[in-house]
Amino acid sequence: MELLKVDRVSKYFQTTGKKQDYCVFKDVSLAVIEKEFVAVLGHSGCGKSTLLNIIAGIDNATRGYVFLDAKEIVGPGLERMVVFQNFALMPWLTVFGNIRIAVKAAYPAWNRHQINEWVQKYVDMVGLTGAEGKHPSELSGGMKQRVGLARAFCVQPRILLLDEPFAQIDALTRGVIQEELVRMWFKTGITIFMVTHDVDEAILLSDRILLMSPGPDAKIMDEIHVGIPRPRGRATIIEHPSYYAVRNRIIKFLSQREEPKPARTMNLVA
């Protein structure tokens with residue numbers, strides 16, 4: 001069943017002193033089916049995060065439409081939760097408080113006991129039992145992102161939007177949290193749309209990878225179905241016969257971009 005539909009979406013930014021606005025991406029269309037894990041890959045500046053923000057309703061498209069469950073998206077909503085790379089936690093709230101505020105917003109009719117029980121369920125799910133009373137300043141990057149994932153999953157959104165969620169986490173911790181993300185995805189069945197710059201991460205996590213061309217006027221130029229069976233592990237995925245075929249196809253796409261023009265040499269006088 002089609003859950004998310006992006007229909008001919010374009011995004012332009014006004015540029016000071018220029019006659020023509022800058023087009024980040026143009027006529028982007030895509031669809032995501034329910035319970036699917038889709039990743040978007042592309043060079044910096046192609047508009048991946050801008051596209052995700054438009055789907056989230058925190059930015060507006062210049063042209064085109066976005067639909068969730070066949071209803072047009074016109075602003076933010078709890079049915080679309082976002083996990084950002086910079087964690088976006090409220091520093092004055094504890095781990096428990098950061099998750100609790102989302103639960104209260106999603107389930108306003110619940111009493112305190114119901115809310116606290118539900119929060120604790122997701123604290124335990126992301127492995128933060130015992131850290132409920134800590135503030136973000138006391139947490140590592142990996143722990144902060146666990147809080148972000150718990151806060152997003154606990155409201156049971158229709159789709160989870162991940163904006164390079166592991167970019168600020170060290171490689172060893174990243175692998176552990178990626179495994180936790182997949183475990184939570186299996187357990188909840190929530191659809192996931194992820195923006196990433198990491199080729200191996202996209203292959204490890206997603207069912208389908210969308211490749212965006214460089215901007216300006218970026219487009220979705222290719223689509224790869226990752227046919228590697230689950231469960232997948234970082235150490236074992238490279239042994240699958242399809243792994244290098246998929247990886248090489250992505251690397252080839254990312255390398256086929258216009259070569260940058262040589263920088264103009266400037267002579268500096270002391």
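**Terms and their grounds**

Reply: To begin with the contacts of this predicted model: among those in the protein chain that join residues at least 6 apart in sequence, 71% link residues at least 24 apart. A contact here requires heavy atoms within 4.5 Å.

Me: Why is Pro-231 called exposed?

Reply: The term exposed applies over 50% relative accessible area. Pro-231 has 76% relative accessibility and therefore counts as exposed.

Me: Where does Pro-231 lie in the chain?

Reply: Pro-231 belongs to the loop between strand S10 (220-225) and helix H7 (243-255). Its C-alpha atom is separated by 9.7 Å from that of Leu-205, and the two residues are 26 apart along the chain. The protein chain as a whole has 7 helices and 10 strands.

Me: How do you know that the radius of gyration agrees with a compact globule?

Reply: The rule is 2.2 Å times the number of residues to the power 0.38. For 270 residues a compact globule would have a value near 18 Å, and the protein chain has 20 Å, so the two agree. Along the principal axes, the C-alpha atoms fill a box of roughly 65 × 55 × 50 Å.

Me: What makes a residue count as buried, and what percentage of the protein chain does so?

Reply: Buried means under 20% relative accessible area. Of the 270 residues, 47% count as buried. The accessible surface of the protein chain comes to about 14200 Å², and carbon and sulfur atoms account for 53% of that area.

Key. Residues numbered from 1 in each chain as written. Predicted model: local features only at pLDDT ≥ 70, side-chain atom pairs only at ≥ 80, totals over all residues. Heavy atoms only, no water. Helix = DSSP H or I, 4+ residues; strand = E, 2+ residues; numbered from the N terminus. Buried < 20%, exposed > 50% of the residue type's maximum accessible area, 1.4 Å probe, protein only. Areas by Shrake-Rupley, 256 points an atom, 1.4 Å probe, with all protein chains shown as cover.
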